[in-house]
Amino acid sequence: MTGGGVAALPNNYYGSTSSTEYVLTGSMPYGNGWKAAAKQIKGSYSSYSGWRFSTFSYSAQVYAVCAS
């Protein structure tokens with residue numbers, strides 16, 4: 001393996017009452033491949049409680065560059 005990286009994360013979405021954001025938290029070589037960590041942050045808005053956010057782990061697509 002000569003390198004690698006992470007494919008583009010999905011587009012963030014910001015609406016008037018909901019939002020979804022993706023954040024890459026790290027990427028590194030791992031064994032014979034590549035490992036990445038990302039988070040998905042979902043927001044929802046209500047007039048009663050305002051904005052509330054929840055964080056979830058997200059599997060980012062990775063790729064490796066190999067040379068023979």
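Author: Happy to! One term to begin with: a residue is called buried under 20% relative accessible area, exposed over 50%, and partly exposed in between. Please keep in mind that this is a predicted model.

Reader: Thanks. With that in hand, is Tyr-14 buried or exposed, and why?

Author: Tyr-14 counts as exposed, because its relative accessibility is 55% and the cut-off for exposed is over 50%.

Reader: Where is Tyr-14 found?

Author: Tyr-14 is in strand β2, which covers residues 13-14.

Reader: And how do β2 and strand β3 pair?

Author: β2 pairs with β3 (residues 18-30) in the antiparallel sense, over two bridges. The two strands form a hairpin, with three residues between them.

Reader: Which residue does Tyr-14 stand opposite in β3?

Author: That would be Ser-19. Setting aside neighbours within four places in sequence, Tyr-14 is in contact with Ser-19 and Glu-21.

Reader: What does the side chain of Tyr-14 make a polar contact with?

Author: With the side chain of Asn-12, at 3.5 Å.

Reader: Nice. How far is Tyr-14 from Lys-42 in space?

Author: Their C-alpha atoms are 9.8 Å apart, while 28 residues separate Tyr-14 and Lys-42 in sequence.

Reader: Back to Ser-19, then. Buried or exposed, and why?

Author: Ser-19 counts as buried, because its relative accessibility is 10% and buried means under 20%. Ser-19 has its place in strand β3.

Reader: What is Ser-19 in contact with?

Author: Leaving out neighbours within four places in sequence, Ser-19 is in contact with Tyr-13, Tyr-14, Ile-41, Lys-42, Gly-43, Trp-51 and Phe-53.

Reader: And Thr-20, is that one buried or exposed?

Author: Thr-20 counts as buried, because its relative accessibility is 14%. Thr-20 also sits in strand β3. With neighbours within four places in sequence left aside, Thr-20 is in contact with Asn-12, Tyr-13, Gln-40, Ile-41 and Lys-42.

Reader: Let me ask about Ile-41. Which strand does Ile-41 lie in?

Author: Ile-41 lies in strand β4, and β4 runs over residues 33-46. Ile-41 counts as partly exposed, because its relative accessibility is 24%.

Reader: Which residues does Ile-41 touch?

Author: Not counting residues up to four places away in sequence, Ile-41 touches Ser-19, Thr-20, Glu-21, Val-23, Phe-53, Ser-54 and Thr-55.

Reader: Changing topic: which residues form the nonpolar patch on the surface?

Author: Tyr-45, Trp-51 and Phe-53 form this patch, and together they have about 340 Å² of accessible area. Tyr-45 lies in strand β4. Tyr-45 counts as partly exposed, because its relative accessibility is 39%.

Reader: I'm also curious about Ser-49. Where is Ser-49 found?

Author: Ser-49 is in the loop between β4 and β5, where β5 is residues 50-58. Ser-49 is partly exposed, because its relative accessible area is 36%. The side chain of Ser-49 makes a polar contact with the side chain of Ser-46, at 2.8 Å.

Reader: One more serine: how far apart are Ser-27 and Ala-60?

Author: They are 33 residues apart in sequence, and 9.5 Å apart in space from C-alpha to C-alpha. Ser-27 lies in strand β3 and counts as partly exposed, because its relative accessibility is 36%.

Reader: Let's zoom out. How many helices and strands are in the chain?

Author: There are zero helices and six strands, so along the sequence the pattern reads β-β-β-β-β-β.

Reader: What share of the residues count as buried?

Author: Of the 68 residues in the chain, 18% count as buried. The chain exposes about 5000 Å², and carbon and sulfur atoms supply 50% of that area.

Reader: And what share of the contacts with a separation of 6 or more comes from residues 24 or more positions apart?

Author: Those residues account for 44% of such contacts in the chain.

Notes. Residues numbered from 1 in each chain as written. Predicted model: local features only at pLDDT ≥ 70, side-chain atom pairs only at ≥ 80, totals over all residues. Heavy atoms only, no water. Patch = residues over 30% accessible without salt bridge, like charges linked within 9 Å, V, L, I, M, F, W, Y side chains within 5 Å. Areas by Shrake-Rupley, 256 points an atom, 1.4 Å probe, with all protein chains shown as cover. Salt bridge = Lys/Arg side-chain N within 4 Å of Asp/Glu carboxyl O. Helix = DSSP H or I, 4+ residues; strand = E, 2+ residues; numbered from the N terminus. Buried < 20%, exposed > 50% of the residue type's maximum accessible area, 1.4 Å probe, protein only. Contact = heavy atoms within 4.5 Å. Polar contact = N/O pair within 3.5 Å; in protein donor to acceptor, adjacent residues only side chain to side chain. Pairing = 2+ DSSP bridges.
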